[in-house]
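Work through the exercises below with the sequence and the 3D view open beside you, and try each task before you read its solution.

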Amino acid sequence: MYDKLKNLDRRWIFLLMFLSVAIPIIIIGITGQSFPEKPTDLAYSTFNAIEDLKPGDKVLLSFDFDPASEGELGPMATAFTYHCAANELNMYFMALWPVGPQMIDNAIENVIKKDFPDLVYGEDYVNLGFKSGGEGVIKVIVTDFLELFSTDAKGTPFNDIPMNKEISSVQDMDLVINISAGSAGTKEWVQYAVTPYPDEITLVAGCTGVQAPLLYPYIPEQLPGLLGAIKGAAEYEKLVFDKYYRDEGKVVPGRYQEGVRRMGPQLVAHLLMILLIIAGNFIYFVEKKRGVQ
Amino acid sequence: MDRQKLIWTVVFAVGALGLIINALTRDAGSAYVKSVDHEFALVEKGKWVDVESDDALDFDLEGKERIRWSSEEQATYRDYQQSKQAKSDESKYSFSLSMTFGIWVAAMFTLFIMSFLFKDNPFYKFAESVVVGVSAAYWMVVGFWDVIIPNLFGKLSPSFISNWAMPGLSGEADFWYLVPLVLGIMLLWRLAPSGTWISRWPLAFIIGTTAGIRLMGFIHADFLSQIRNSIIPLAVFENGSFLFWDSFLNLVLIIGVLTAIVYFFFSIEHKGVVGKTARVGIWFLMVTFGAAFGYTVMGRIALLAIRLEFLFDDWLWIIDPAMNRIAGI
Amino acid sequence: MRKLILITIALVIFTLPAFGQEEELPIVVTASDHNWDGGDKIDLKWELPQDIGENVATFKIYRSNTTDEINAIIKDKKSKAVKDAKEAVTKRLIENAEKEGVSKDDKGLLQRIRDERKSVADNASQDITDREGDIRAESEFKFLTVAGKNETTFTVEKLEGDIAYSFKILALDKDGNILLSGITDKSISPVAQSFDGSRFFLGIITLILCFSVVWFIQMARRGKPLKVRKIAGLEAVDEAVGRATEMGRSILFVPGIQDMNEIQTIAGLTVLSRVARTAANYDATLEVPTSRSLVMSAARETVQASYLSAGRPDAFNQDLIYYVTDEQFGYVAHLSGRMVREKPAACFYMGAFFAESLILAETGNSIGAIQVAGTAMPAQLPFFVAACDYTLIGEEFFAASAYLSGEPEQLGSLKGQDVGKVIVGVVMIIGITVATIGAITGSEAMMNMLQFIKSTVLG
Amino acid sequence: MKRTVPLLITAFGGFVLIIAYFIPATQGWGETVAIWFDVLASIAFILGGANLLKIHLKKMSDRQSGWGFSAVTVSAFLITLTVGLAKVGVHPSLNFPDYTWSGSYREMGSPFWWLYEYAFKPLTATMFAMLAFYVASAAFRAFRAKNIEAILLLGTAFIILLGRTFAGVFLTSWLPDSLSGLRIENLTVTIMQVFNTAGNRAIMIGIALGIASTSLKVLLGVDRSYLGGGED
């Protein structure tokens with residue numbers, strides 16, 4: 001046992017990890033069943049931040065991530081967009097990452113076009129597109145959008161878009177939602193938007209697991225709501241789609257269950273991780289014992 | 001041909017066969033598109049209108065010059081099947097060879113990269129070479145169209161840029177942007193045979209300004225705001241009643257921050273009281289790292305999950321959570 | 001009877017103001033520039049004639065629209081009116097056509113639609129032009145906000161420096177009837193001050209920090225010995241280089257994946273200069289793949305300088321410092337492939353790292369290289385701590401550059417940093433004491449003091 | 001000329017921006033410079049690209065081992081660059097149909113999009129996903145309970161790993177509400193909000209100080225290693 005473990009080729013570990021993720025995906029994918037979710041307070045406060053807004057309120061959604069982290073953040077983007085659309089909020093999409101616009105288009109395609117076909121581009125939602133410069137962009141648009149966003153993603157001049165007439169800077173937004181995979185992202189939004197204008201700007205965010213720990217220090221003063229990793233996404237998905245589907249006795253479409261679904265592989269893989277750590281320490285202690293003898 | 005080679009050949013052959021059968025019998029890995037037509041008419045000098053748009057009704061489009069093209073949108077296998085059943089003679093949905101090929105290429109690349117886990121091999125080397133070439137060029141293209149054009153030439157001569165690349169662009173020329181232009185040229189002087197030292201000037205400028213910005217930015221945003229957030233009462237009351245647990249947590253938080261800061265002290269050796277305090281500080285740091293580890297693991301597994309979902313869903317058609325192929329909600 | 005009369009009179013007196021003319025008892029509104037700002041704020045103050053202050057419920061605050069804003073409003077109204085008119089007529093005609101079974105492409109129909117759209121459009125815009133005067137009048141002021149009955153001041157923000165504004169205040173009762181109104185007698189435009197007062201304390205603190213760093217550096221320059229504690233992992237740098245030389249394998253230095261506008265990259269390059277000098281002395285091969293073109297340029301300068309100072313400029317080969325790709329994972333794909341093939345004996349990861357940290361550390365570990373990491377990316381620290389032989393945690397990483405430089409004056413900066421930490425401790429303890437006492441006693445003074453510390457000093 | 005002037009430029013640029021931070025009229029300079037930096041970085045791509053080509057073409061001409069892969073890199077690079085810069089297969093923007101170049105270089109269906117979607121994206125995403133495997137092997141190999149520090153790290157990781165899944169909820173759901181604070185999901189939150197916050201704050205404050213003094217050293221010319229050699 002000990003010697004087996006001791007000289008275990010790490011490729012076996014790789015194989016285990018592969019299986020513990022692959023098998024749940026296939027099973028859940030075929031059966032459509034997954035584990036239940038129990039939202040935490042942070043998920044609730046994020047949910048409420050949007051619930052508390054009135055129809056027609058202005059929300060800025062900054063999609064600061066790329067396909068590399070779509071696995072974690074895609075479900076959040078979908079759920080956020082759905083939640084805003086369902087509450088009849090005016091959505092202003094923007095991106096600090098070059099590929100952000102594609103993430104925005106996905107959200108618009110999968111949520112707005114499919115479930116809210118009567119929303120009008122330019123009146124209910126607008127895609128302001130990507131601007132390079134990371135935190136620099138934030139610093140500028142907290143006081144003036146036009147300086148950088150002279151046009152929207154389609155090249156329409158900023159002021160020719162009806163819903164843009166009501167906004168001159170981020171401070172005019174009733175809520176800023178940031179989905180971020182790193183820098184520039186939530187940290188920068190807190191540093192350069194919320195810190196200088198604590199009264200004007202409210203920020204809630206969804207972030208990757210890596211980022212979450214770094215953002216907790218900003219909670220709750222600068223960051224009232226935060227969704228951490230796929231778990232956060234799953235919790236939020238549950239809150240949103242319970243409200244709009246299950247509570248009305250409807251079945252939730254598969255595309256709105258990505259987060260919950262991915263918690264399956266998560267569980268198995270996490271257990272594997274724990275087993276590996278235990279196994280590793282088993283070796284360590286045996287070694288120590290033998291060392292003593 | 002030794003045994004190992006033989007085994008591998010067999011494995012690959014069987015796998016390939018399976019894939020082909022899967023593809024031929026179930027259309028697995030095929031992609032479909034919806035074609036969208038665009039047509040514009042020149043109604044008066046320099047004014048084009050979409051013939052479908054409301055504005056078009058203001059003009060007589062008879063014999064006006066036209067611009068036409070049709071673009072593609074991604075469609076699902078379900079859309080395609082439904083439109084086929086609908087028997088509409090000019091169906092907008094069609095099979096896309098380029099995207100189907102793309103899906104297979106993407107799947108192959110995914111497997112090539114993963115093969116590195118077994119051991120370094122030509123497949124991985126190939127994938128590696130491709131990703132380096134493509135990504136380097138990708139970022140250069142992004143830099144050109146998203147930075148150089150709008151933020152350099154767009155500022156120096158808006159009229160010139162708005163004449164071809166960004167028709168929406170307006171505004172006055174801002175000659176301050178000659179500074180980055182000149183610095184940029186100095187930078188490129190490296191490629192010149194002599195006087196390459198001139199390229200240190202732009203570097204010096206970049207480093208100097210960076211230092212200035214970061215110095216203030218971090219003192220203001222991180223340093224001060226973190227102190228501010230740490231100023232919390234050690235006794236928490238809620239409408240008159242003392243909350244022990246919250247007060248206790250606040251105390252722990254403060255102790256954590258202070259001891260961990262002591263750990264970073266450089267002036268004093270970690271001995272005696274300082275040593276003990278620093279030790280407590282390290283404990284807090286370790287808990288922090290543990291938390292970071294736990295969260296990071298989550299993220300990584302999700303990433304693997306989505307790659308495998310791609311293989312099983314888009315490529316092999318084993319699972320279909322988003323109901324893209326079978327009719328459903 | 002007399003009672004009744006009295007009541008009636010009382011009622012009349014009380015309700016009079018409601019019917020009174022606005023001009024009779026105007027609110028006195030005074031506007032003054034807001035101090036220590038960037039020239040975008042104006043302070044408003046207003047006073048009511050005492051006698052009727054009682055039944056005021058709220059104040060409404062307005063600012064004058066600029067000419068451009070008014071023109072914009074008119075333009076919008078016009079375009080909207082035209083659009084609506086056109087849509088209406090089109091809808092009507094199409095519907096009729098459908099009733100009569102005329103096809104949508106019928107020439108006559110289209111012609112008719114065109115004509116009617118044109119005429120209604122002209123009428124609509126003409127109508128607006130006629131009413132332009134009224135529109136200008138009614139859009140002279142722009143509503144800003146509502147203030148409570150007890151408030152007498154308000155700071156208007158987001159104003160433009162070169163525009164002269166005037167302000168209007170309405171006093172309303174609880175039913176929303178206008179009791180009184182007042183307008184600033186002369187218009188005013190905000191003025192930008194030469195110093196941002198809100199950053200006064202920030203300036204002080206910055207000065208203290210910078211001064212202490214500079215002061216200790218001076219001390220060191222004067223040859224005063226500075227005692228600083230050892231940092232584990234720094235000795236490892238030379239050791240690793242040495243080992244690489246013995247094994248006759250190369251050294252890999254990864255300066256992070258951020259560009260030169262990241263201090264961590266600069267700190268990383270400082271460490272690189274030391275590594276390069278040692279490598280030059282030992283005559284070991286040093287390879288520096290970078291993920292940014294600028295970093296490549298800077299790294300070449302750095303390494304060249306080190307080889308020069310080590311007295312072996314001839315040994316410097318700039319092709320070993322090369323650009324791979326800006327893409328994080330393209331870069332990592334290249335690095336891990338390279339590591340497995342070249343098997344460097346020592347790997348340094350010094351700079352800003354993200355997810356790639358673990359890929360690098362694990363690959364490096366699998367080829368049995370000595371690994372020394374330094375980063376200020378908290379998220380990546382656990383992985384470096386776990387997988388590398390030595391890790392410089394956060395601030396230690398910046399300190400390392402000072403240690404490794406071997407110049408005593410650089411150590412002065414570390415003392416300066418410690419002063420900063422003392423400040424943190426002191427401010428925190430004071431603040432917490434105040435906050436706690438405030439929470440226990442609930443005293444107003446303490447709360448104000450806390451407010452001052454939190455929002456003014458640390459604001 | 002070679003070292004003095006750069007030192008002056010560094011110091012001047014830095015201190016100007018520091019002072020500008022306190023003067024309302026000039027507070028925007030930082031952003032402007034940030035935009036300038038992006039421009040410079042984009043221009044620098046030419047250096048990087050030239051270097052990339054140089055290295056790989058050299059390999060190919062010397063027929064070094066694996067020169068074939070260099071050929072792959074070079075062709076991938078050149079193809080992507082061409083289709084991207086020339087906006088091959090990109091239609092005009094719908095608002096300006098008569099401006100051939102007005103379309104987005106990322107337009108769906110264009111070759112550049114194809115390369116992004118089916119080469120760039122899967123390759124980088126898979127590389128990223130490899131972390132799941134490395135995390136596993138690291139956990140097995142490196143997380144040993146050698147001392148209190150290590151045990152704390154492990155223990156926290158344990159609780160988080162459990163608490164962030166249904167398993168944790170399941171394991172401790174039997175606890176009465178009076179002890180709900182010990183339920184693993186709540187424990188996770190406590191750890192994150194207290195211990196993790198404390199640790200991160202200390203790290204952040206330290207980093208801020210480190211960055212401040214490093215910047216200062218750079219500005220004062222105490223640390224000039226990046227400036228390269230050559231006589232003054």
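**Exercise 1. A sheet in chain C**

Task: Find in which order the strands of the open sheet in chain C stand, and which strands lie at its edges.

Solution: Keep in mind from the start that this is a predicted model. In chain C, 3 strands form an open sheet in the order E1-E2-E5, and their pairing is antiparallel. Strand E1 (28-33) and strand E5 (153-156) of chain C each have a single partner strand and therefore stand at the edges, with one side of each left without a neighbour in the sheet. On average, neighbouring strands of this sheet are turned by 25° against each other, direction ignored. To follow one pairing in detail, take E1(C) and strand E2 (residues 42-47) of chain C, which are joined in the antiparallel sense over 6 bridges. Within this pairing, C:Thr30 has C:Lys45 in E2(C) as its bridge partner. As background, the strands of a sheet pair through backbone hydrogen bonds, either parallel or antiparallel.

**Exercise 2. A buried strand in chain A**

Task: Decide whether strand E2 (residues 90-95) of chain A is enclosed or open, and describe how E2(A) pairs with E1(A) and with E3(A).

Solution: Begin with burial, for which a residue needs 20 or more other C-beta atoms within 10 Å of its own. In strand E2 of chain A, 6 of the 6 residues are buried, so this strand is largely enclosed by the rest of the structure. The side chains can then be sorted by direction: A:Asn90, A:Tyr92 and A:Met94 point one way from E2(A), while A:Met91, A:Phe93 and A:Ala95 point the other way, and all are buried.

Next, look at the pairing with strand E1 (residues 58-64) of chain A, which runs in the parallel sense over 5 bridges. One bridge to locate is that of A:Leu61, whose partner in E2(A) is A:Phe93.

Then turn to strand E3 (residues 125-130) of chain A, which runs parallel to E2(A) and is joined to it by 4 bridges. Here A:Ala95 has A:Phe130 in E3(A) as its bridge partner. Another right-handed β-α-β unit is made by E2(A), helix H5 (residues 100-115) of chain A and E3(A).

**Exercise 3. The form of chain D and its contact with chain C**

Task: Describe the make-up of chain D, set its radius of gyration against that of a compact globule, and characterise the side of chain D that touches chain C.

Solution: Chain D has 8 helices and 0 strands, and along the sequence this gives the pattern α-α-α-α-α-α-α-α. For a compact globule of 232 residues the radius of gyration would be near 17 Å, whereas chain D has 27 Å. The C-alpha atoms of chain D fill a box of roughly 70 × 50 × 50 Å along the principal axes, and 58% of the 232 residues count as buried.

The contact between the two chains takes 47 residues from chain D and 63 residues from chain C. On the side of chain D that touches chain C, helix H2 (29-62), helix H4 (111-129), helix H5 (131-142) and helix H8 (184-220) of chain D each supply at least two residues. H8(D) gives the most to this side, with 15 residues. By type, the residues of this side of chain D divide into 31 nonpolar, 14 polar and 2 charged.

Technical notes. Residues are numbered from 1 along each chain as its sequence is written. Chains are lettered from A and ligands numbered from 1 in the order in which they are written. This is a predicted model: local features need pLDDT of at least 70, side-chain atom pairs count only at pLDDT 80 or more; totals for chains, interfaces and linings use all residues. The radius of gyration is taken over C-alpha atoms; the globule rule is 2.2 Å times the number of residues to the power 0.38. A residue is buried if 20 or more other C-beta atoms lie within 10 Å of its own, exposed if 12 or fewer, and partly exposed in between; C-beta atoms are placed from the backbone. Two residues are in contact if their C-beta atoms, placed from the backbone, lie within 7 Å. Ala, Val, Leu, Ile, Met, Phe, Trp, Tyr, Cys and Pro count as nonpolar, Asp, Glu, Lys and Arg as charged, and the others, Gly among them, as polar. Two strands pair if DSSP finds at least two bridges between them. A crossover is right-handed if, with the strands pointing away from the viewer, the path from the first strand over the helix to the second runs clockwise. Axes are lines fitted to C-alpha atoms, for helices over the stretch in contact, and angles run from 0 to 180 degrees between N-to-C directions.
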